[in-house]
Amino acid sequence: MAPTLGRSPSIAAAQEPRQGGTYRLLTNEQFRSLDPALAYNYVDYWISASGLFNRLYNFDRQGNLFAELADAPVQVSDDGLTYTVKLRSGITFHNGQEMTAEDVKFSFDRVVWPGTLSPGSTFLSNVVGYDELANLSVPPETPMDASQGLSGVRVVDPLTVSFTLKEPQAVFPAILTVILFGIVPKQAVLDAGRGWGTEVVIGTGPFELAEWVAGERIVLERNPDYFRAGLPHLDQIEVTLNVQDEVATLRWESGEADVITGAPAAELARIRADPNLSPLIREVPSMVIYYFEFASNAPPFDDLRVRQAVAMAIDKETLAARSQNGVPVDAFMVPGYPQTAPDFESAYPYDPDQARQLLREAGVEEGTETIFWSGGTSPQLGDLIQADLAAVGFDAELLVLEGSSIDAFKPRLDSGEIPLRTWGFGPDYADGSAFPTARLVCTPQSPESAWCDPEVADLIDQANALPLEAPERTELLRRVQQIVVTEQVYVVPLYARNAFVLGQEWVHGDVPDSLFLLPILEEVWVDER
């Protein structure tokens, strides 16, 4: 995975891309922030990571790492602990300020700064100084204190920054591509204070923020000073917020939208069956999975037999079929990961009778009340899981995520009050360490309900210290999967889905990226309408 220079190649178009035009997107999301350190839902990260900001490195459509804001591949010290990055010169932010190594260091510091509340903090847990910064007692949403920072991230000169790690970590260059590490202008962020990410949004990306009407719309306009010649093709992107999926689908069919990111399962089935509409589905395989997990501290799910029973109670085949876009899976390392184990099978096939037997052995009575949060699936699939739980004896109250915000549920999830939940996970980089590092690494900031296992933590540390292609590394990550999915049953993989959007015949270059999951905005262009 050695990084190269260049940019993500476009999907070949039938004719030369046209400059100009507007790309109209409808979404049911309500954006909380376009701060790259926080935009981690779906459409908000699309607009932030693909529209407004750039990272040091990125992946192209073939899965190759390339230098984006960096000017060269990462330089690695002989001991594997120091990674040095040279930056492109002449890169400017939307406000005209030139990007320097000070901005890069600040961008990584503030992801770890506790007041930022970034979900990307643990990606940097191997950087020297992480523990000292992450463990500071800072009230939530406190702006970054510029006198604080990661001691392991150092400005070498105005166009060079270095990262010093605690342990060798061959996957570190790939970590630098994580969408939460968009580079921000230090002084503008400090000046904006709490207004950063909403009132003030300034990046280096192909588009800049022109308008944000809370709860209604966001408008981006072409960045005339973008560092990639001839890009982007579009003049403008219009994002209409808070549009329910059913309404968005109707408006897309009538031509009022150029793209929507999903549709209700029943509508998607109809679209797939319609010879006029099905060609408008832009679809590629992805590594996104939906999975079931348990709060570690919530009886009766602290009993392994109960977790095994729930794993056998869920009908994955039906879930995947009803999703209209899923394939049942037993592993969290699905095809696409270099470390995928093609012969891995669940030890807990769908078997409601055996599930009821395990629950009886564990002393769980018929009709036991619990709470199930459907955070990574549609309401309809949540209903199916609720019915599967009822069939083996659980009276599960179903809570469904409204829109994209988990704010109302987070305290209850973190405390373990909601012990059963589904989530969706898409890797930030194509390596088998992505899922366990994101979901299974324990930190002082981990919620009370987090599942932690010393053996898994040790295995992940061992894997991260080995070269990416080492066979021993593959075996270590497969061992992690065996513990998590089979031996401890913390995670129950359910199904994987394709990356897709619904486009229009007049839109081009909008095929989703398999890893990024959505079209690359700088590549999209539209015919004159």
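Author: Strands β7 and β8 (residues 160–164) pair in the antiparallel sense over 4 bridges, where strands pair if DSSP finds at least two bridges between them, and helices (H or I, at least four residues) and strands (E, at least two) are DSSP runs numbered from the N terminus. This is a predicted model, in which local features need pLDDT of at least 70, side-chain atom pairs count only at pLDDT 80 or more, and totals for chains, interfaces and linings use all residues. Residues are numbered from 1 along each chain as its sequence is written, and side-chain values use heavy atoms, with hydrogens and water left out.

Reader: OK, and which residue stands opposite V153?

Author: V153 stands opposite F163 in β8.

Reader: What order do the strands of that open sheet have?

Author: The open sheet has 4 strands in the order β5-β6-β8-β7, with antiparallel pairing; its edge strands, each pairing on one side only, are β5 (75–76) and β7 (153–157).

Reader: Switching topic, is helix α8 enclosed or open?

Author: Helix α8 (residues 304–313) is largely enclosed by the rest of the structure, because 8 of its 10 residues are buried, buried being under 20% relative accessible area, exposed over 50% and partly exposed in between, with a 1.4 Å probe and protein chains only. The buried residues include R307 and Q308 as well as V306 and M312.

Reader: And what caps the N-terminal end of α8?

Author: D303 does, with a side-chain oxygen 2.8 Å from the backbone nitrogen of R305.

Reader: Which residues other than glycine have a positive phi?

Author: Among them are E141, with phi near 65 degrees, in the loop between α3 (130–134) and β7, and N242, at about 60 degrees, in the loop between β11 and α6 (245–253). Most residues other than glycine have a negative phi, and most peptide bonds are trans.

Conventions
Polar contact = N/O pair within 3.5 Å; in protein donor to acceptor, adjacent residues only side chain to side chain.
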